[in-house]
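Open the model in your viewer and keep the selection tool ready. The tour has two stops.

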Amino acid sequence: MTKVLILTAGFGDGHNAAANHLCDALESMTDDVQVEILDPLEHAYGALNRVFKKTYRKLIEYAPAVWGGMYSLMDYAPRMGGGNGLGRVRGVLREAIGRFEPDCVVSTYPLYASLIEGLYRDPGSRPFKFLTVVTDSTTINSVWFSAPSDFHCVADEETAAVLRANGIAPGKIKVFGFPVPAAFAGERPSLPDPDGDEPVRVLYVVAAGKRRARKTLKRLMKLPNLQVTVVAGRDPELRARLIKTTQGHAGRVRILGWTNQMAQLMMTHHLLISKAGGATVHEAIAARCPMIVNFVTPGQEEGNARMIERLDLGVVAADKHEVVRWVEKAFAHHARRWRHWRANLERVSRPDTALRLASFVLDTASEAPATPVNRIELLRPIQTPASALAPHRRRPAQQLLLCDFHTHTNYSDGSLTVSELVDFYGRLGFDCLCITDHVADPYNLLGKFMRWSRLTLAPEQFDEYFEVIERERVRAWRRYSMLVMAGFEFNKEGYTRKSSAHLLGVDLKAPINPGLTLKETIAQIHAQGGLAIAPHPHLLKGEFARNTLYLWEHQAEFAPLLDAWEIANRNRLFNPISLKGLPFVANSDFHKPKHIHSWKTLIYAEKDPGAIKDCIRRNQHVAITLYRDFARSQQAARHSFAPAGPLPAEAFVDLPAGGEVPAEVLPVSA
Ligand code: ZN
Ligand code: ZN
């Protein structure tokens, strides 16, 4: 078994993108590899690091020149690993390496090379191979190469030349391209000729410069025979505003939120408008999608922008007027300019980089020294919290499963993307996660609940939502041995709390029309083999908007139809559910990371969706637990929580569904 540790950082998206795509490529090539991705900065500084990132984003948007200044200052900073400021990061690295014992460490962020150098003063004593994947191009910061790596893997010849000019031996520089998702290397979807009858398709990714997005979009809509897909990212407010802006252009414009369908989108559009982010530029090249750069973050993105101009793969626009003018120019004269860009892209495009890089990593890892010299030093007792490296658990058949069946992502009003949510739960050691974003009844949008309209999943996103979750389901199982299910929370708001109902559909295979009645919806959920669950069915004091009593008020009618009721929602316990002996589950109703500290369901079953659903339907081997872990860091949570082994089946009380409550489980106070 080859072990590869990939180091990343959440500054800018390029590092994480490279890390994830390399990981996916490695895992797709062989079963004989174990890959872990670690963000040592996140582990060392947690919330503080998040503040840095926010500051970084704000700086980019409002004061690009300031950030440019900061970026070049780093060039002159002394070796960053030498100072005491990064001691904690070094500690996290040492601990992760000691625990995981990688054959190869791959860094996608410049900082870590000098920390590794600090850990192994004598390079011969390093028990693993160390590779740096340079995620910027041409204008690369000297931190990338000021500390030694066995190999520097770079995106292009120009970057290789910069490294050589700075004294890196040519034999240590490998030109692979940027590791884009393997999806780009697959079959290419057909794209209509831009000079034909079908409209030209433009993909507009709004990242920096959001304040200009509306104006640009309005101008684009004035161009004839143009279809625009907008990716608004992790900003539901912006998405709502853009939907409003383009209301009169139905059919010509599609506004998406965050998506992990970028590969498909880029391959099915003629032109991309976006900032010059490292991952975006390289993905556009892999997709052979010409690009109009509308923003360049000073510093690391300047090289990407210059590369587009130098290789003539698109253009860098000076302002929003120019963006739209360039769209016009690209397709004028039978799309002459577009064809020219496209031909250049065909020449330089390397969509299989991740696979070639992965195979190089595997080859390099196989050359790692068999018996490390100083592993003893690394293995001394560790005081820091346990690492979040999730061991690949292969447990026996029946086991205690930690489950959450009610969570939200930023497809509706949650704060995390689907991937982030999956990683969050996966790292905490959960066994089963169901994602249940809000969908609203289109015939029932009452004024006071209009706010839901921008906080619910739009019907035109249903297919994408299911595709994204399906992809994450495969990834979560591979990486965390965690089951991921798709679901909906159907919001049926009435004028009063007694006429309002929410309904969870758990483990859905396909979208369900949110305009159906409650009974029709339940029938559809069951037709798909899913569970129909009543969330927060009872009074929630102080939470007006979530008081949804309809199902509870019509219990006689609905109890026979529903599979379970939430006996607990986040921190609320609903005693009446217990007293009635109704089948129950407990869920976080997760919207943001702090909601993880809440009631959860434990199920004693095989780790299989069918077995789990069966337990809930039969109300057997189901228990609830209060997940509280304030004392330790989030990363350590799974270690302090996880039981030593599965509880025996006798540890569970089987409540008869709808029957009498055994005296010994009656609550002390009502
Ligand atoms: Zn709800
Ligand atoms: Zn909810």
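**Stop one: a helix pair**

Select helix α5 (residues 87–100) and helix α6 (residues 112–119): their axes come within 10 Å and cross at roughly 70°. That makes α5 roughly perpendicular to α6 (65 to 115 degrees counts as such). Axes here are lines fitted to C-alpha atoms over the stretch in contact, with angles from 0 to 180 degrees between N-to-C directions. Helices are DSSP runs (H or I) of at least four residues, and strands (E) of at least two, numbered from the N terminus.

Now show the side chains that touch. On α5, pick Val89, Arg90, Leu93, Arg94 and Ile97; on α6, pick Tyr112, Leu115, Ile116 and Leu119. Contact means heavy atoms within 4.5 Å. Seven of these contact residues are nonpolar, none polar and two charged.

This is a predicted model: local features need pLDDT of at least 70 and side-chain atom pairs 80 or more, while totals for chains, interfaces and linings use all residues. Residues are numbered from 1 along each chain as written, chains are lettered from A and ligands numbered from 1 in written order, and side-chain values use heavy atoms, without hydrogens or water.

**Stop two: a covered strand**

Select strand β15 (residues 483–492). Ten of its ten residues are buried (under 20% relative accessible area, 1.4 Å probe, protein chains only). Colour one side by Leu483, Met485, Gly487, Glu489 and Asn491, and the other by Val484, Ala486, Phe488, Phe490 and Lys492.

Strand β14 (residues 432–440) runs parallel to β15, joined by nine bridges. Find His438: its bridge partner in β15 is Glu489. Strand β16 (residues 501–506) pairs with β15 in the antiparallel sense over six bridges. There, Asn491 stands opposite His502. Pairing takes at least two DSSP bridges.

How values were computed. Angles under 35 degrees count as roughly parallel, over 145 as roughly antiparallel, 65 to 115 as roughly perpendicular and the rest as oblique. Ala, Val, Leu, Ile, Met, Phe, Trp, Tyr, Cys and Pro count as nonpolar, Asp, Glu, Lys and Arg as charged, and the others, Gly among them, as polar. Buried means under 20% relative accessible area, exposed over 50%, partly exposed in between (1.4 Å probe, protein chains only).
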